[in-house]
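Here is a short tour to read with the viewer open.

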Amino acid sequence: MTESLGSESTQGPALDTNTPHTARIWNYWLGGKDNFAADRAVGDQVTAAFPHVGLYAQLSRAYLTRAVAFLAGEVGIRQFLDVGTGLPTADNTHEVAQRIAPDSKIVYVDNDPLVLAHARALLTSSSQGTTTYIDADLHDPEAILERAGKTLDFAQPVALLMMGVLGHVEDDAEAKAIVDAFLSRLPSGSYFAIYDGADTIKEITDNLALWNDNVPLKYHLRSPERMAALFDGLELVEPGVVPVTRWRPDAAAAAADEIAQFAAVGRKR
């Protein structure tokens with residue numbers, strides 16, 4: 001297929017450089033340049049309280065790479081719906097998938113104007129595949145699915161990725177309803193993959209208020225058991241709900257300590 005890049009909306013909301021944003025703070029921790037003073041200030045505050053947060057960001061990103069490689073390679077998925085994309089960095093979903101299968105189709109979803117601008121410029125597709133961007137919020141699955149359906153064929157399996165975003169939904173029932181709304185439109189053989197923060201390390205739970213006091217989009221930790229409940233009705237892929245460093249690790253992940261970012265991949269029967 002020919003390349004398709006961009007968003008259906010020609011203008012996103014105005015870019016607010018004075019309010020810190022999750023995607024830009026993570027970009028800062030990953031060593032990126034697409035952030036502002038407000039983002040760096042919060043990033044530095046969190047780092048001062050929890051010096052390993054930058055490593056957490058890197059290890060979580062590395063899990064995304066392994067999960068997409070597993071889905072595109074071992075499983076053979078050719079369609080990806082990446083909700084909560086964040087700012088482009090190394091080994092984005094389309095880059096990993098299209099290295100393995102150049103005809104892969106990827107739809108990115110986020111609602112930050114800076115993400116939108118960079119997605120249009122940087123999330124380019126292989127000539128055989130398709131990469132598109134939707135400016136939308138994860139709380140509106142129906143709107144996302146309607147627009148994603150212009151690129152993805154929902155008669156064929158799709159990998160739904162929600163990396164680091166469901167922690168922004170405090171209520172478990174609401175988070176599960178969002179997941180189910182997406183999966184209800186995807187056929188048997190589709191997959192659902194996440195990572196999110198867990199409440200397994202006291203140093204993180206003790207300092208979570210620092211984040212929530214400074215960033216408008218609050219974050220809520222879940223226990224691994226509560227994360228597992230998001231996969232009810234799905235077949236969990238081995239090794240189940242585990243720290244990102246333990247999900248089918250490569251050498252670098254295997255050498256790292258277990259961290260409070262947990263990951264899982266499930267298959268729709």
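The notes below cover a helix pair and a set of strands.

## About the model

This is a predicted model, in which local features need pLDDT of at least 70 and side-chain atom pairs count only at pLDDT 80 or more, while totals for chains, interfaces and linings use all residues. Residues are numbered from 1 along each chain as its sequence is written, and side-chain values use heavy atoms, with hydrogens and water left out.

## Two crossing helices

Let's begin with helix 1 (residues 22–29) and helix 2 (residues 37–49), whose axes come within 9 Å and cross at roughly 65°. Helices here are DSSP runs of H or I with at least four residues, and strands are E runs of at least two. The axes are lines fitted to C-alpha atoms over the stretch in contact, with angles from 0 to 180 degrees between N-to-C directions.

R24, I25, Y28 and W29 of helix 1 meet D39, R40, V42, G43, D44, V46 and T47 of helix 2, where contact means heavy atoms within 4.5 Å. By class, this contact has five nonpolar, two polar and four charged residues.

## Strand 2 and its partners

Pairing requires at least two DSSP bridges between strands. V107 is the bridge partner of L81, and T132 in strand 3 is the bridge partner of V107.

K105, V107 and V109 point one way from strand 2, with I106, Y108 and D110 pointing the other way, and all are buried (under 20% relative accessible area, using a 1.4 Å probe and protein chains only).

Notes:
Ala, Val, Leu, Ile, Met, Phe, Trp, Tyr, Cys and Pro count as nonpolar, Asp, Glu, Lys and Arg as charged, and the others, Gly among them, as polar. Buried means under 20% relative accessible area, exposed over 50%, partly exposed in between (1.4 Å probe, protein chains only).
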